[in-house]
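Student: Can we go through the charged pairs in this one? Keep it short, please.

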Amino acid sequence: MADKAAARDWRVTLLLGPTSLTPSDSRVQVLRFRTTADLEALLRDHFPSADTLIMAAAVADYRPKPLLNRPDALQGKLKRSEGALTLELEPTPDLLACCSKLRRPGQTLVGFALEPRDRLMESAQSKIVRKGLDLIVANPLETMDAPTIEATLLGPSGIVAQTGGSMPKDAFADWLLDRIESVGNKVPAPPARSP
């Protein structure tokens, strides 16, 4: 998607997690991150100047809670000890929802909902409201790591467009960017959410 956006002369900053994939277009500025905290810092630096933010996936929904009762954990390595070790998980911040709260007029926020088909539309409609998005791509679980995607694009008031079946992800990138360009700043800002 970054390559396709750069080909349209969009100024593209790609915040990219640990993957061997890289964009081929040299105009794409790539900034790498490893953790949710890393991505949060990059968004804090780059989101204010963005016209459109497309968040295709969360880094992680949970992370290990710090082991404050284990002094060796603070040194970066847990030493073997007798007995079991229990890791407690804590939720990570919802970075897209955080960006929505900080958005300025004219910014367009696009998210993705990857869910089983039986709850896909319900989940996407819930996320668009909960996260304060302009658009959300609803796609079924089987599209993950597949070469094709079948998607429905929703706005706050319902379905905006559908792919009409499965399509190669490369073609989908253009399909989605076309729709973002056509609705862009014409999408009414979502209603303010109460804290």
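Tutor: Start with D178 and R8, whose side chains form a salt bridge, N to O 2.7 Å. That term means a side-chain nitrogen of Lys or Arg within 4 Å of a carboxyl oxygen of Asp or Glu. The model is predicted: local features need pLDDT of at least 70, side-chain atom pairs count only at pLDDT 80 or more, and totals for chains, interfaces and linings use all residues. Residues are numbered from 1 along each chain as its sequence is written, and side-chain values use heavy atoms, without hydrogens and water.

Student: Where do D178 and R8 lie?

Tutor: D178 is in helix α5, and R8 is in the loop between α1 and β1 (13-16), so the pair ties together parts 170 residues apart in sequence. Helices (H or I, at least four residues) and strands (E, at least two) are DSSP runs, numbered from the N terminus.

Student: What does D174 pair with?

Tutor: K4, with the closest N and O atoms 3.2 Å apart. D174 sits in helix α5 (residues 169-183) and K4 in helix α1 (residues 2-7).

Student: Which residues are in the network?

Tutor: Salt bridges link K4, R8, D170, D174, D178 and E181.

Student: New topic. How many salt bridges are in the whole structure?

Tutor: A search finds 16. One of them joins R27 and D9, at 3.3 Å.
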